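Subject: A structure for you to look at

Hello,

Here is the structure I promised to send over. Have a look at it first, and then read on for what turned up in it.

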Amino acid sequence: MLDIQTIREQPDRVKQAMLHKGEKETSIVDELLVLDKQWREAVAATDRLRSESNQKAKEIGTLMSQGKKAEADELIKFTGESKEKIKDLEEQLQMLTAKRDLLLYRIPNLPDDSVPVGHSPEENLIHSTWGEPISNQEWRRPHWELAEEKGWLDFKRGVKVTGAGFPFYVGPLARLQRALIQFFLDEANDAGYTELQTPFFVNEDSARGTGQIPDKEDMMYVVPRDEFFAIPTAEVPVTNFHRDEILKETDLPVKYVAYTPCWRREAGSYGKEVRGLNRLHQFDKVELVHIVHPSTSYDALESLRSDAEQLLRKLELPYRTLLMCTGDMGFTQTKKYDLEVWSPGQKRWLEVSSCSNFESFQARRMQLRFKNIEGQIEMLHTLNGSGLALPRIVASILETYQEPSGKVLVPTVLQPYMRAKELS
């Protein structure tokens, strides 16, 4: 969530940022400020009455020792009544705090000044490109045709066992998936990330901490009996690893990597744009998370982006990096890059990574802080990026490395993991 002080001092800026992100209910800012004023008044009244009551309580002993029982009895009556009033004020304060927090959770993060203002994917900026996209080779087939024909991908049995969007990877494709996961993890370890193996389910506090709720509830799978959410990304358990903690400044930056399966409902996704592995309800992903000093978070974003890009370069998959505009960036981010790999069988770009800076937005929800060298407590900044999401990488490899005969070669960097030069 945003710092309430920012909203108090710059309400017009917050409203403008909401409009840039496509959030039209800017009146929520005015509602929040009214509640915030009531909250501050309740805090002041509670503190004032508590201080007065404490002072009177100290006087009771003195009056009793001086034999002034009547006056002492008056103060005893006053402090007793004050306790009831303080209890009522605390209940009012608790109610106001809950209402204020609900509104705070509905206000998106502020875009960084370097983010282009826009409201559609067409207004994203191409930050950089690498490699030459393969084109004009009509014999190249989309991955779903090739993989299903060879028996490497089974959607029908996935539907039978679970439902749409839960395919089986079979034989060589299952080994390719495992090789990619191991490759991504090894590269991250070599780059200084600490590997975590995380829970695959989280509680409501964790989902709220990273901003999945109250923004993306409809996309999450829920286990009602246990009040758990199936994770939509490893970002959620990894970033919450240090929730409610105060780190030392000397421990920064903290960099984690984790492989997890991910679950997303993706309601309303239909048509050729989501065929095959393009969009699934269950998929695998390796996630990179940075927890850093506020002064270094934008440098960390560039480093995170570079780490993700290096994986695509080593796989020799042509890609482009987009700087996302305000309206295509998301509720929680201040700045985001998307990495898109070229799909020659489909002749289009496929997103395989988003690298995002959240500044203190998530940290404030999680009370994730650090003690600076002066001994003061500050909010940390959090970042994350896919390193990488597996389904579309697998799709791109099948389409990029296939030959006219239908044979599919293995990228050079993966051959030691696969112990083979082609899928068979």
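A polar contact is a pair of N or O atoms within 3.5 Å; within protein, one atom must be able to donate a hydrogen and the other to accept it, and residues adjacent in sequence count only if both atoms are side-chain atoms. Please keep in mind that this is a predicted model, where local features need pLDDT of at least 70 and side-chain atom pairs count only at pLDDT 80 or more, while totals for chains, interfaces and linings use all residues. Residues are numbered from 1 along each chain as its sequence is written, and side-chain values use heavy atoms, with hydrogens and water left out.

Now the overall picture. The chain has 13 helices and 16 strands; these are DSSP runs numbered from the N terminus, helices being H or I with at least four residues and strands E with at least two. Its C-alpha atoms fill a box of roughly 105 × 45 × 40 Å along the principal axes. Of the 424 residues, 50% are buried (under 20% relative accessible area; exposed is over 50% and partly exposed lies in between, with a 1.4 Å probe and protein chains only).

Back to polar contacts: the side chain of Asn-278 makes one with the side chain of Gln-346, at 2.7 Å. Asn-278 sits in the loop between strand 9 (254–263) and strand 10 (282–292), and is buried, because its relative accessible area is 3%.

Next, a pair of helices. Helix 5 (residues 143–150) and helix 12 (residues 390–400) pack at about 85°, with their axes 9 Å apart (axes are lines fitted to C-alpha atoms over the stretch in contact, and angles run from 0 to 180 degrees between N-to-C directions). That angle is why helix 5 counts as roughly perpendicular to helix 12 (65 to 115 degrees; under 35 is roughly parallel, over 145 roughly antiparallel, and the rest oblique).

Finally, some backbone details. Most residues other than glycine have a negative phi, and most peptide bonds are trans. The bond from Leu-252 to Pro-253 is cis, with omega near -5°, and Pro-253 lies in the loop between strand 8 (246–248) and strand 9. Another cis bond joins Gly-387 and Leu-388, with omega about 10°. Asn-136 has a positive phi of about 60° although it is not a glycine, and this residue is exposed, with a relative accessible area of 69%.

Enjoy exploring!

Best wishes
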